[in-house]
Amino acid sequence: EQTVTIPGHERAGRILRSFQNQRPKIDVERARLFTESFRQSEGEALILRWSKALLHIAKHITVYIDEDQLIVGRGGYTGRYGILYPELDGDYLDTAIRELPSRGQSPFDLTDEDARVIVNEISPYWKGKTFHEALADALPADTLKVTYDPEDPLKSRFIINETASFRSSIQWVHDYEKVLRIGYKGIKEEALREIDQLDPYSPVDNMEKLPFLQAIVNVSDAIVLWANRHSELASRQADEESNPVRQAELRKIAEISARVPEYPPRSFHEAVQSQWFVQMFSRLEQKTGTVISNGRMDQYLYPYYQQDIKLGHITDQEVIELLECVWNAMAQFLDLYISPTGGAFNEGYAHWEAVTVGGQTPGGLDATNELTYLMLQSKREFPLNYPDLAARIHTRSPERYLYEVAETIKEGSGFPKLINDEEVVPLLLAKGATFEEAYDYAVSGCAECRMPNRDTYTSPCAYINFAAAIEMTLRNGQMQRYPGEILGLETGDPQSFGSWELFFDAYKAQQKHFLKHAFIQQHAIIRLRSRHFAAPLSSSMHKLCLQNFKDIHEPHIEGGIDLGYFEFIGYGTVIDSLAAIKKVVYEDKRITMGQLIEALDRDFEGYEAIRQLLAHAPSYGNNDDYADSIAKELDEEALKFTRNYSKQLGVNLDLRYVPFTSHVPFGKVVAATPNGRKAYTPLADGSSASHGADKNGPTAVLLSNFYSKNYNYRERAARLLNIKLTPSCVDGEEGTLKLVSFIRTWSDLRLWHLQFNIINRQTLLDAQREPEQYRNLLVRIAGYSAYFTDLSEDLQNDLIRRTEHTAI
Ligand code: 8X3
């Protein structure tokens, strides 16, 4: 076991040591209590049922206080744990209890007793009622067959993948400030006042507004009750505690949990605890994709920090200690995906409840403050992959901030990721936000942003495997993985396409066909969700939900801006495949289309010369217009589609390049591709270059990204960009300054997102060979970092094969 006693972080280190490298367990209490309550409330309004279930959970769920912790609030067992949401995907439960302990990606343990509770008490109630089953039933046959195996809808096709069946919402950020300002007492009182003002004769008031408001009252009671139970437990523990230091800490926990989140906090400690109670209770409420994020923590906690520092009530060291207590609490709750697809999309126990730092104030001034720097310091000094720190960058970001951001990145754990105000703010304005709202955005997912009182869209989106569209263009609508089935368009025998233009047209037709089905999926998802999900706690913090008396899962909430997405997965793979076909087959005529297909059919076995020829064709990521102009056209085709059709869905369904780890399972269904990629290996991730294809250094990667974007479309959204650097190329002061100017260049180019792995290939190879020696090695994956040894071999190899840049 490696030591984690880090000077200045002793308490946080002790807590970390208590769970680090522990195999996670599944805790079934939340699911059991939720189910018990749902059995009792059938026939009532969904939002009311949800609030009653939360009240039932608040009353009966076990409460815990971890040894050494100063911040309390867990949703299950001590140590690393995950919880279940049977209302979402309970139809997977039976297989999950057999497979979860042994699956390759993110395994979980389950006690025999808990397995019994699942089989006898939870699973039977949800049969036929889950969202996943309803969605499979709602999809037309043509869409179903590219989504699931029609014979067994529990199995994904990994072609056009919906993600709504393994998370009840996409990433989210609450307006925590509201809770800090008025407390749940204030929120409840507002709801009670509204109830008093309802028209007792109005059918709408009785049938819609009243259940909504009653639900707000119930969740206000629920969260306060749950917090107060921690207070009682802390008092009991304090009575029995013999160590006077810990006894005093427990008394303080008791005092604070009796006060927040019911009342506004009086101190930094109370503010942090209030926020964490809300965070944690949100996880008991619903399974938000990748967990509810923490918002702009350096902003909304700042007044409490300033006040306590001024009064001499707290030191910077104590501030860091409290924050690290929260980071530790975060790290123990794992986002458990019981569906194999969810598991494969989120390898390494992924969850990324982003903490946003820096950026601008609502008035457009630089927002960095002392807390920003303390959070960066904690990230550098305390070795943990939570929270996911997101640094907002703008053209006037101070030099010190950029310097400290670069120094933190150099620590090598992948933090912070960078989000660019210069791209995000104008896009939010273009979608209808005010300047104040746009400047005040918070990072909420891998790369996404929310305006907590303005966004109202929750439907999880489609991940589209466009490398499969390349394969279908070459196989007339078929794929090697699914023999004999016509899954795409029958665009004809590619050997009959006499020109590059005809080939490209056929690919574009396949791409459009995929988009068609992705949007049909979304149509079904948007309309079904509010029948299956409600989130009264989340709604209680949202201005527009309260104004309209509508749950946040309702498809349209007046005044809201609906920011949804679809994902282009395999971008680099598709671009390079098309560029190779254009150059090698059509322009240089080095091989025929027939020879290409033969080589692909045989996965290049015996065709290495052809593979080399293809792999050396122009490729994306090198600032080469040959490939980048194809990239730009693909991007524009997708943007045009959504410009035409998202209006019909009534939302902004924007084009995004954010894969999580989907490029690995997506690669597993795609045969060899014309860029020289071997069959069933990972696709290129996000908007990054294909593995090893970027040979002109990292600035060329930025420029390819820039030249492939269509800045005249407001339908664009996040592009996730991974760059791997060797530690030596950013060594010392000079290295930090090089990294700072690289970040400025990225910001000037108006790219959305950037993150780094600063590591030697050899280190990764060593860690693969001797995992025991490298248990603490953190690597950057998508919008999160994970322990390298927690990843499947496929994903480990994917990271190893990414280009390692030795100079910037
Ligand atoms: C991806 C998060 O929830 O928008 O970072 O898919 S989500």
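A polar contact is a pair of N or O atoms within 3.5 Å; within protein, one must be able to donate a hydrogen and the other to accept it, and residues adjacent in sequence count only if both atoms are side-chain atoms. The model is predicted: local features need pLDDT of at least 70, side-chain atom pairs count only at pLDDT 80 or more, and totals for chains, interfaces and linings use all residues. Residues are numbered from 1 along each chain as its sequence is written, and side-chain values use heavy atoms, with hydrogens and water left out.

**Exercise 1. The ligand site**

Task: Find which residues are around the ligand, and state which domains give residues to its shell.

Solution.
1. With a heavy-atom limit of within 4 Å, the residues around the ligand are R167, I170, Q171, W352, G445, C446, E448, Y463, R656, V658 and F660.
2. An N or O atom in the side chain of R167 lies 2.7 Å from an oxygen atom of the ligand. For R656 the corresponding value is 2.9 Å, and for Y463 it is 3.3 Å.
3. Taken alone, the ligand exposes 250 Å², and the protein buries 100% of that (Shrake-Rupley method, 1.4 Å probe).
4. The shell divides into six nonpolar, two polar and three charged residues. Here Ala, Val, Leu, Ile, Met, Phe, Trp, Tyr, Cys and Pro count as nonpolar, Asp, Glu, Lys and Arg as charged, and the others, Gly among them, as polar.
5. Domain 2 (289–451 + 722–765 + 780–808) and domain 3 (462–720) both give residues to this shell, so the ligand lies between them. The bounds come from an automatic or database domain assignment.

**Exercise 2. The largest cavity**

Task: Describe the lining of the largest cavity by residue class and by domain.

Solution.
1. A cavity is a set of points on a 1 Å grid over the protein atoms alone where a 1.4 Å probe fits but cannot get out; lining residues have an atom within 4 Å of a point.
2. The structure holds 13 cavities of 30 Å³ or more, and about 140 Å³ of space lies in the largest.
3. Of its 15 lining residues, S688, D694, N722, R802 and T803 are the closest to its centre.
4. The lining has three nonpolar, eight polar and four charged residues.
5. Because domain 2 and domain 3 both give residues to the lining, the largest cavity lies between them.

**Exercise 3. The second largest cavity**

Task: State how the lining of the second largest cavity divides by class.

Solution.
1. The volume is about 90 Å³.
2. Lining residues include L427, L563, D654, R716 and W752.
3. Seven are nonpolar, none polar and three charged.
4. Domain 2 and domain 3 each contribute at least three residues.

Key: 1 Å grid on protein atoms, 1.4 Å probe; cavity = no way out; pocket = protein on both sides within 12 Å on 5 of 7 lines; lining within 4 Å. Points joined across faces, edges and corners; volume = space filled by probe spheres on them.
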